[in-house]
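Here is a walk through salt bridges and chain contacts, with the cut-offs given along the way. Have the model open as you read.

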There are 4 protein chains.
Amino acid sequence: MDGYKLCALGEDGKRTVFTVGNVKIGEDFTVIAGPCSVESKEQIELSAALARQAGADILRGGTFKMRTSPYSFQGLGEEGLKLLRDAGEKYSLPVITEVTDTRDVDMVCQYADIIQIGARNMENYALLSEVGKHDVPVLLKRGSDATIEEFLESAEYILKEGNEKVILCERGVKTFGTYTRNTLDLSCVAALKTLTHLPVFADPSHATGRRELVKPMSLAAEMAGCDGLEIEMHPSPDEALSDAQQQLSGPELAELLREVRVTAVFRDGLDLY
Amino acid sequence: MDGYKLCALGEDGKRTVFTVGNVKIGEDFTVIAGPCSVESKEQIELSAALARQAGADILRGGTFKMRTSPYSFQGLGEEGLKLLRDAGEKYSLPVITEVTDTRDVDMVCQYADIIQIGARNMENYALLSEVGKHDVPVLLKRGSDATIEEFLESAEYILKEGNEKVILCERGVKTFGTYTRNTLDLSCVAALKTLTHLPVFADPSHATGRRELVKPMSLAAEMAGCDGLEIEMHPSPDEALSDAQQQLSGPELAELLREVRVTAVFRDGLDLY
Amino acid sequence: MDGYKLCALGEDGKRTVFTVGNVKIGEDFTVIAGPCSVESKEQIELSAALARQAGADILRGGTFKMRTSPYSFQGLGEEGLKLLRDAGEKYSLPVITEVTDTRDVDMVCQYADIIQIGARNMENYALLSEVGKHDVPVLLKRGSDATIEEFLESAEYILKEGNEKVILCERGVKTFGTYTRNTLDLSCVAALKTLTHLPVFADPSHATGRRELVKPMSLAAEMAGCDGLEIEMHPSPDEALSDAQQQLSGPELAELLREVRVTAVFRDGLDLY
Amino acid sequence: MDGYKLCALGEDGKRTVFTVGNVKIGEDFTVIAGPCSVESKEQIELSAALARQAGADILRGGTFKMRTSPYSFQGLGEEGLKLLRDAGEKYSLPVITEVTDTRDVDMVCQYADIIQIGARNMENYALLSEVGKHDVPVLLKRGSDATIEEFLESAEYILKEGNEKVILCERGVKTFGTYTRNTLDLSCVAALKTLTHLPVFADPSHATGRRELVKPMSLAAEMAGCDGLEIEMHPSPDEALSDAQQQLSGPELAELLREVRVTAVFRDGLDLY
């Protein structure tokens, strides 16, 4: 625990809660939804409208993409940030987007209500320290082979610089398995709830890479104790420029969120943690 | 799918249901509970009483143990089977126990209502074929590095010999992680529900190896779609001869099952698969 | 070390050496070669001739196959054992073959000079104990997710019953990687040489699943300290009934063994362990 | 191969060779040695003297450290770079050091003959692109769960920006194993030699985390085909501020390099690739 003392759940059991838009993260069950990438004004506005209609709390959209191949679509950059911001404002949704370079943090913070650190950058300590110096909330995704301790130690880099608004997000780990894209590790969610006061989210879209598994894994993640979900949604999933096979359509998102919301209410009646 | 055609879920969506004792496996949410090992007449009788009281459906108890070290407790063998059978009858609980040797299958079938094939024997095809020739139901645990396809192909070895009463049980896979004993792969549970007509169970006790994670992972497994749970329980967990740290006490089991049962009812109201 | 005290390398550094045919295993660098499966009299005789010509020490050929799918070729059984034995005798090569069922051990021991326990059965403790009661040497393959300690503990099951002629064989572990079939873990070979007095072999054919990597990984395994290699060879690799893409032809085996033998001589001049 | 066309080995079999100091990387077998971290003027000067005496070609020393815990020693920063540079010049050794932040690349390039991208930053595409715009050679370490394809695609990010002097370095992957720190994947080295024209190195120190395994794994890596090694050495290993248990002393390094050099000569007489 020496490596993550600021993150550690204290004996008083007090948990971090902070407000983004209309939602108290860490207290209200929170749903982030939106496309993997901001592709155009039309696409992100339609996404925002559909996310709003489905009842999501926060709009996501990537503009600096982390793609394995340098020849894949790399995102629209700052132009995309403006489109995301405008779409969010038009539909009263706070926005979250990823930052990938220490030199971009100031700029991204001007547009984003939450900044995301992707799994590939979970151990980019220079970037973690830099976002720690800002006071925009950070959603930190678990590296695809990070242990629970390493995950908490990465969060500690952010808290140590003064930024205490950190969300931890489990998004699947690499295993020998090939049926799903990664293996969503819900015991990590459950373990984190016993170890840290920070809010814990899960991303069933990236983890499974399969549309038909998003619903059962979303509900399972809720019962494992997560405080929110990050779900990929696209107005026309089959035309998405990245990760098409895991993105839900607007109506699919709406149907999912109905069951997610009722499950959150049901869960509050149980004595989980 | 060529390797598991008998296991494959057909277009009609028909699922396997069979009766053990008072429970329709595959239809009624089923809880198997009991100690890792049968240790004595007193211990297994008390376990049966507590399992019954907590509302479990089936009593488990190992008598031929698969222990990594040859110097660990290896189980009571046939004497243990008699004790298990007697305890089950006394408290009206069907019993499940593991078989580990092709030469023992006939004998174990005389005592057990369900025979278990452990994770270490998931690819012991001689044993799978042998239990396939009997008509006692089989609970097949997933190997700790078996892919979903390999798991189904192992089940196919049993069905191919004529025994169609097979339960698949996810019990955690090996990853780089060390915080939990293994990593419970609930996306495997969800995927199996879309791939096979066989009932799917989960074992949160072996998977996590941590008492405090058994409840959240049990409820999460339910929401991922499983048809039953296998839970370790011991009258005096701290004195258990094996796997002490993951066994629940009788009262802990009773408390867990209350929430498991209400969650099963809640889940039936959703549209999962 | 409590779990593998009989296997442990003592302070005197004494290592196990035993004779099979003309080779002192544990002292002479030993090459086992032959097809994955015995397919016919002609195929195994031609394999024996080619193995002999290439300078291999021991002929391998599977007759009870462990195939993931029940619909794959399962081997010729006892008839295959006779063919293997005859081919070995005709070309003066001892033979090794796999046993997969406790009920077959007596029978297989009548034909085999070394019996092999496959990776899938490394934790089949009933089978390990049974071969421990015979006095035919055993080659035990590492399970695809077995730790080094678990591997040694499995060997201990054999030694504990009295059979001290055990060879440990590293054959690749499962990782997230997909380029090679498995990941040959040569640090396991090196570590075993520091932990146990038993001979240590490596199987670069199964581990890589790629013909072009067999040579570099064979030579690398030698320098990591192994005492022998198990190599797949087939008279007509492209017509093999199993694992075609990793089997060498006779001339390829001969070319490989020239470099393997000269490397063994070179290595003896270094001070490795 | 679409994702790594600039890295791909062409049909002409031409391989990248470039000069650093007195060594032709990709042609001469190259040894990088030095401490994990630059700790003081005395420590790095003594390291340089010992590395030179042992016959190493390049001096390493970390000054911007990537430590899992924010409370571990983080390196001396630019002051450390000057000390490293001075020590290298005093003993006529080119120097290699890690860069971790896009904002530091210009500055680090003023001191380093080779810049290293650590495993944790293998997917930090912003950093890869930035070093691609400089013309200092780059040693890129494989991420601890990167596939071979992902590794090559990361290198492609550097080449795409114009910097063609890239070394790929295998340093162990995460598996279920715990005996060694990571699992050195020498089949990755062998596979890379068949896939890319870039030089391939291996780091047996970080991979094994065990001093006694550094020699066998160094020699094994050579036979798998690597073009060089990166070895940790410290004047007083037991006093090292990081990774003490895997660092060799000066005399241990000298003894290792004698066998490494003779093995390189031996290997050149074989027909490996």
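B:Arg261 and B:Asp57 pair up in a salt bridge, their closest N and O atoms being 3.0 Å apart; the term covers a side-chain nitrogen of Lys or Arg within 4 Å of a carboxyl oxygen of Asp or Glu. The two come from distant parts of the chain, 204 residues apart: B:Arg261 sits in helix H9 (residues 250-268) of chain B, and B:Asp57 in the loop between helix H1 (41-54) and strand E4 (58-60) of chain B. Helices (H or I, at least four residues) and strands (E, at least two) are DSSP runs, numbered from the N terminus. B:Arg261 is partly exposed, at a relative accessible area of 27%; buried is under 20%, exposed over 50%, and partly exposed in between (1.4 Å probe, protein chains only).

All of this is a predicted model, where local features need pLDDT of at least 70 and side-chain atom pairs count only at pLDDT 80 or more, while totals for chains, interfaces and linings use all residues. Residues are numbered from 1 along each chain as its sequence is written, chains are lettered from A and ligands numbered from 1 in the order in which they are written, and side-chain values use heavy atoms, with hydrogens and water left out.

Over all chains, the search finds 76 salt bridges. Here are a few of them.

| Pair | N to O distance |
|---|---|
| B:Arg261 and B:Asp57 | 3.0 Å |
| C:Glu230 and C:Lys141 | 3.4 Å |
| D:Glu89 and D:Arg85 | 3.1 Å |
| C:Glu123 and B:Arg120 | 3.3 Å |

Take the C:Glu230 and C:Lys141 pair. C:Glu230 lies in strand E10 (residues 228-232) of chain C and C:Lys141 in strand E7 (residues 138-141) of chain C, so the bridge ties together parts 89 residues apart in sequence. C:Glu230 is buried at 0% relative accessible area, and C:Lys141 is buried too, at 4%. In chain A, bridges that share partners join A:Arg60, A:Lys141, A:Asp203 and A:Glu230 into one network.

What about the chain contacts? Chain A and chain B each put in 39 residues, contact meaning heavy atoms within 4.5 Å. Together they bury about 3100 Å², 74% of it on carbon and sulfur atoms; buried area is the accessible area (1.4 Å probe) that two parts lose on being put together, summed over both. In chain A, A:Phe176, A:Tyr179 and A:Phe266 lose the most area to chain B, together 21% of what that side buries.

Chain C and chain B contribute 32 residues each and bury about 2800 Å², with carbon and sulfur atoms giving 48%. On the chain C side, C:Thr68, C:Tyr71 and C:Asp145 supply 22% of the buried area, more than any other three residues. Six salt bridges run between these two chains, and C:Glu123 forms one with B:Arg120. Helix H4 (125-132) and helix H5 (148-160) of chain C are the elements giving two or more residues to this side, and H5(C) gives the most, with five.
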